[in-house]
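Keep the sequence and the 3D view open while you read.

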Amino acid sequence: MHMNDIALSLDTVWMLLAAMLVFWMQPGFALCEAGFTRGKNTANILFKNFVDFMFGSLLFWFVGFGFMFGSEGAGFIGAPNWGDLSFYSGDLPVEGFLMFETVFCATSATIVSGAMAERTKFSMYVIYSAVITLLIYPVEGHWTWGGGWLCNDASGSFMTTTFGTVFHDFAGSAIVHSVGGVLALIGAMALGARRGKYTSEGVSRAIPGHSLTLAALGVFILWLGWFGFNPGSQLAASGEVNRTAISHVLLTTNLAAASGGVGTMFLTWRKYGKPSFSLMLNGVLAGLVGITAGCDLVSPAGAAAIGLVCGIVLVYSIEFIDHRLHIDDPVGASSVHGVCGILGTLLTGLLSTSSGAFYGHGWGFFGAQCFGILVIDLWAAACGLVLFYGIKHMHGLRVDARIEDEGLDVYEHGETCYN
Amino acid sequence: MKRIEAIIRKTKFEDVKEALLRSDIDWFEYHDVHGIGQSRQERIYRGVQYSTDVIERVALAIVCRDHFVEPTVRVIAETAHTGEVGDGRIFVSDIIDTWSIRTGEHGDTVLRDKK
């Protein structure tokens, strides 16, 4: 066997292993969301996580993959592939690459279920889940990872002439997480708060989740899954450059997660007199989401700084969305994935050691990051507004008050989780 | 025949259980109870501070013959005592009759125990 061949096999195995780890984030999300919500809705929220992955797998294979990677990045959207993968030419086996991209797409989709928990019609959630995997995610994915205009580095392209550099999102702070987070916020806003969440004077009330044990296990599982999400996005392991890169990314990913949790822990300790476990769990995820865009470009110290900033901003973001905006997001998905996804993308423009503003490389890259995140999230927001308010208008997003009070498990599915 | 119902601290349950077994009570039932009282505990969940008025206690119930009431009550009262507010209450009420499902007999003798 040729050395080149072995190298390619090594890269393939690494990509497939990473895809499996990212798949493992699905149970992480499922447990995290189940734990942060009440036991009468557990079957429903677990089911929604399965729906995201099942529909994501089928739709992304059949058309989403073509939308994202077809037409060689030209235009608004690629051509649908109708289950035919032969259009794609790359060194890595296309079926493995499709699996790798599928798990990322499903991650973006599943972020929303937590924010819309405990009050959404199951049938309407299925429609949302299909639309994000069919259209919302593949389109902005086409603009970026699909080789489209935001990441087109050919001389004379829009990004290189405007900013001197292209938009950079290594593993998806913007492309995967902020899109899911923005949709989560709009979904929760369109739905309205859970019954009993706010008093008639508009004061926020706590609705404790039924198991912080499940939530904690979910967060640990997500943390592990991220070790595939970020280092796997190198899409290669062989050779000195790649083995150094994936090791570096694993380290930066872990440091950001740890400092995110620590930041939230100390801030809540100061703010509330006691360190808040439920928020610290979000803080770890905030650090992970934040580092995802620049995990390859920042130093370990930069990664710790990004995690810390995200862990701290998270607390204020959750408070602002809950107490000021009165948008009821039971698991904090809009803050963790939306706000920290945006923050991580922007901080990459400052803290990249090779092109960041803080390292004396000027503001061009930061500008590219600002522009990229703005375009991507405007797209997500526009789609979200049309989708969720459209459904709300035509069919209604929300279950009846009685179903909400007695639990979605019984009325939507006819079976309960705890018997 | 009387029914003794005691609401005690969860932390005292093991002590009271041992003491009751030592004083030859051969059966009692218990369950976790949630009470609502005037004392409140501060909690924080995901950045929302709130106070809960739910107080968790264990309730035990023992049905026994009249002459066991006083020593049983004394055992519970002594073992469950801490002196702090919230030690609990003991209620004694009359039982009209008791039937044994196995033998079909009823009345005072069904509660014949080791004593």
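Leaving aside its neighbours within four places in sequence, which residues is Ile7(B) in contact with? The model is predicted. In it, Ile7(B) touches Val33(B), Arg57(B), Ala59(B), Gly88(B) and Arg89(B).

**Around Ile7(B)**

Ile7(B) sits in strand 1 of chain B, which spans residues 2-9. Is Ile7(B) counted as buried or as partly exposed? It has 18 C-beta neighbours inside 10 Å, so it counts as partly exposed. A residue needs 20 or more such neighbours to be buried. Ile62(B) is 55 residues away from Ile7(B) along the chain. The C-alpha atoms of Ile7(B) and Ile62(B) are 12 Å apart.

**The sheet of chain B**

| Strand pair (chain B) | Sense | Bridges |
|---|---|---|
| Strand 1 and strand 3 (residues 48-64) | antiparallel | 8 bridges |
| Strand 1 and strand 4 (residues 88-94) | antiparallel | 7 bridges |
| Strand 2 and strand 3 | antiparallel | 13 bridges |

Now pick out single partners. Arg9(B) stands opposite Arg57(B), a residue of strand 3 of chain B. Glu5(B) faces Phe91(B) in strand 4 of chain B. His34(B) has Glu56(B), in strand 3 of chain B, as its bridge partner.

**Two helices of chain A**

Turn to chain A. Two packed helices are described by the angle between their axes and the distance between the axes. Helix 4 (residues 94-115) and helix 7 (residues 173-191) of chain A pack at an angle of about 30 degrees. Their axes are 8 Å apart. Why are helix 4 and helix 7 of chain A called roughly parallel? Angles under 35 degrees count as roughly parallel, and the angle here is about 30 degrees. Helix 4 and helix 7 of chain A are therefore roughly parallel to each other. Helix 4 of chain A passes helix 7 of chain A in a right-handed crossing.

Which residues meet there? From helix 4 of chain A they include Phe104(A), Ile111(A) and Ala115(A). From helix 7 of chain A they include Val176(A), Gly180(A) and Leu183(A). By class, this contact has 10 nonpolar, 6 polar and no charged residues.

**Two loop residues with positive phi**

Leu235(A) is not a glycine, yet its phi is positive, at about 60 degrees. It lies in the loop between helix 8 (212-229) and helix 9 (239-272) of chain A. Leu235(A) has 17 C-beta neighbours inside 10 Å, so it counts as partly exposed.

His326(A) is not a glycine either, and its positive phi is about 55 degrees. Look for it in the loop between helix 11 and helix 12 (333-351) of chain A. With 15 C-beta neighbours inside 10 Å, His326(A) counts as partly exposed.

**Where the chains meet**

Note on methods: Residues are numbered from 1 along each chain as its sequence is written. Chains are lettered from A and ligands numbered from 1 in the order in which they are written. This is a predicted model: local features need pLDDT of at least 70, side-chain atom pairs count only at pLDDT 80 or more; totals for chains, interfaces and linings use all residues. Helices (H or I, at least four residues) and strands (E, at least two) are DSSP runs, numbered from the N terminus. A residue is buried if 20 or more other C-beta atoms lie within 10 Å of its own, exposed if 12 or fewer, and partly exposed in between; C-beta atoms are placed from the backbone. Two residues are in contact if their C-beta atoms, placed from the backbone, lie within 7 Å. Two strands pair if DSSP finds at least two bridges between them. Axes are lines fitted to C-alpha atoms, for helices over the stretch in contact, and angles run from 0 to 180 degrees between N-to-C directions. Angles under 35 degrees count as roughly parallel, over 145 as roughly antiparallel, 65 to 115 as roughly perpendicular and the rest as oblique. A crossing is left-handed if the near helix is turned anticlockwise from the far one by less than a right angle, and right-handed if clockwise. Ala, Val, Leu, Ile, Met, Phe, Trp, Tyr, Cys and Pro count as nonpolar, Asp, Glu, Lys and Arg as charged, and the others, Gly among them, as polar.
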